[in-house]
Amino acid sequence: RALMLFSIAVFVSLIDTGGDLVVAATLVRSGHPRSVRQGYTTLGLSVFAVVAEAILALSVGQGTFGALVALTGLSPLLLTYNVLREKGPEYEQVAHKRNLAISRLAEVLLQSMPQGFFQGMIVLQMLTDPSEDALRVSWVQWASIATALFSVAFLIAESDHTTDTIRDFRRGYSAVHGYYPKDATHKSLVSLGVMLLVSGWCV
């Protein structure tokens with residue numbers, strides 16, 4: 001499970017952010033006035049997201065290094081590594097889990113959801129544009145939307161798992177937390193169910 005979580009953290013950090021930048025570059029290079037504006041808007045959303053995550057990293061005590069890592073879009077990698085390392089006193093481990101949950105929530109709200117909605121709007125405009133010079137939807141744009149959807153589903157599911165398994169939360173808020181089972185297979189099934197629920201595949 002640790003290797004899987006770190007691998008998915010790499011995917012979320014690099015593929016999701018990198019895909020948005022590729023889409024922005026593709027739209028800007030198209031030369032079409034509306035697409036150029038949309039490309040710069042996509043780039044602006046990405047820049048805003050990493051700057052906001054860097055400010056958030058400073059506010060929760062991750063320090064200058066954590067903020068600099070957030071500016072590169074690799075914050076999920078660092079925070080996942082800190083949680084999986086499981087070293088240091090218990091209060092530090094709780095802090096790492098809390099920071100990871102906050103970072104994932106921020107990534108969903110500031111990057112994955114805005115980019116997913118915006119890219120979906122762009123694709124819808126392209127598909128319904130009757131003009132002869134209308135641009136065709138590229139596979140990169142479809143991939144960006146799919147990646148955003150996966151990122152939202154995974155990040156929410158893992159944030160839910162991380163928050164629910166924090167010992168202090170289970171002790172202090174037993175009426176809300178503690179529904180994840182101890183068995184690893186059952187935990188994975190609950191996480192899968194949350195991902196399917198979030199992505200709209202199950203209600």
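In which helix is Y40 found? Y40 is found in helix 2, where helices are DSSP runs of H or I with at least four residues, numbered from the N terminus. The model is predicted, so that local features need pLDDT of at least 70 and side-chain atom pairs count only at pLDDT 80 or more, while totals for chains, interfaces and linings use all residues. Residues are numbered from 1 along each chain as its sequence is written, and side-chain values use heavy atoms, with hydrogens and water left out.

Y40 has a relative accessible area of 51% and is therefore exposed (over 50%; buried is under 20%, partly exposed in between; 1.4 Å probe, protein chains only). L127, in helix 5 (residues 90-128), counts as exposed because its relative accessibility is 55%. Apart from neighbours within four places in sequence, L127 is in contact (heavy atoms within 4.5 Å) with V137 and W142. The C-alpha atoms of L127 and V137 are 7.3 Å apart, at a separation of ten residues in sequence.

Beyond neighbours within four places in sequence, V108 is in contact with M113, P114, V152, L155 and I156.

Note on methods:
Helix = DSSP H or I, 4+ residues; strand = E, 2+ residues; numbered from the N terminus.
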